Amino acid sequence: MKEFADKLIDWYEENKRDLPWRHTKDPYRIWISEIVLQQTRVAQGYEYYRRLVERFPDVFALADAEEDEVMKYWQGLGYYSRARNLHAAARSIREAGVFPTTYEGVLSLKGVGEYTAAAICSFAYDMPHAVVDGNVYRVLSRWMGIDTPIDSTVGKKEFAALADALLDRQRPALYNQAIMEFGALQCTPTQPDCLSCPLSDSCVALQQEKVDTLPIKQHKTKVTNRYFNYIYVRTGGFTWIRKRSEQDIWKNLYEPLLIETSEDYAGNDLALWTKLEDVLGKRLRESETDLRVCFRPLKQGVKHVLSHRVIYANFYELDLPDDVEVPEGYLKVPEEDLHKFAVPNLVYQFFSLILGSNNQNS
């Protein structure tokens, strides 16, 4: 077992990436890096980490910020519950007065699970807690030839026990960094570089030609389709946006007027207009002009893929008189202020299309 750890650490010392969170023992910055890197590649998360710690250099600065600002700094990174949980946890730490220094204390933070708590405690405090993430599952499954599904209760317990047994308790931070980096760079999900692998002589999966089939998952995520019709309402130099507050995707992010339908309405503008009349009611019926001529499709058939959903979006614009009453729940904001609001990537794409065309027409 010691030989396994030694080989991983030797490989790590030669091949590790130079990343800023590896040069600190500050639990706050390590925590930020771990939350940013959940479900996120290092190449994408790097700049987000840098901007976050520059704007919020300590947990008190993060706690004192408004949630809208935190969400704006997170915009584009996805999985927005991470940002909401990060902010809520920062405020609980502010109440306690100090970042927790025990595994149980770290684990109690909102949005922190067993993996993240183990990572923070080993990296910041050198506590002997083994990390088990996707990279670790893959390395251990292949090296030991384990075909127990990693998403099963039995599998999770088996791999957790194995990871703990293999942990170098004298060098927990170094070992944890090493095995995760090894999975990210060497023992990759596809086309791993087995010929130059320091574990090739003892890897069961390589010997049994199972590298491409391990690790095993027993469940496939069910993907559902949703159909969004976004309408950019223009009243003079203003537009309408609302904050999503439901227990749904993109909670606490902003969006323009949305009509969600059970099927794709691309090319069926009349049917969508009927639904729009239901939403805006008398605002449309009492107009002296036929506002249908002010309702234009801008782009249709936009596909936006999330982890468990595929959104098919259509973009429209609608010009209304300046004095039209704003629907309940919506804000009337100047177009030039839209950049101040955190929005999902799909909405950012829509706004860029709208504002870009406006700039070309001006």
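A: Helices (H or I, at least four residues) and strands (E, at least two) are DSSP runs, numbered from the N terminus. This is a predicted model, where local features need pLDDT of at least 70, side-chain atom pairs count only at pLDDT 80 or more, and totals for chains, interfaces and linings use all residues. Residues are numbered from 1 along each chain as its sequence is written, and side-chain values use heavy atoms, with hydrogens and water left out.

Backbone first. Pro215 lies in the loop between α12 (204–207) and β1 (224–235). The peptide bond that joins Leu214 to Pro215 is cis, with omega near 0°. The loop between α12 and β1 also holds Glu209. Glu209 is not a glycine, yet its phi is positive, about 55°. Most residues other than glycine have a negative phi, and most peptide bonds are trans. Glu209 has a relative accessible area of 74%, so it is exposed (over 50%; buried is under 20%, partly exposed in between; 1.4 Å probe, protein chains only).

Now the rings. Across the whole structure, a search finds 19 aromatic pairs. Rings of Phe, Tyr and Trp (its six-membered ring) pair if their centres lie within 6.5 Å; planes under 30 degrees apart count as stacked, over 60 as edge-to-face and the rest as tilted. Phe228 and Tyr230 make an edge-to-face pair, at 6.0 Å centre to centre and 85° between the planes. Both Phe228 and Tyr230 are buried.

Trp273 is buried at 5% relative accessible area. Phe295 is buried as well, at 9%.

Next, the packing. A nonpolar core is a set of buried Ala, Val, Leu, Ile, Met, Phe, Trp, Tyr and Cys residues joined through side-chain atoms within 4.5 Å. The largest has 97 residues, and Phe4, Trp31 and Ile32 have the most contacts inside it. Helix α8 (residues 114–125) gives the most to this core, with 7 residues. A second, separate core has 17 residues, including Phe295 and Leu318.

Last, a charge. Lys332 lies over the face of Phe238, 5.4 Å from the ring centre. The rule is NZ of Lys or CZ of Arg within 6 Å of the ring centre and within 35 degrees of the ring normal.
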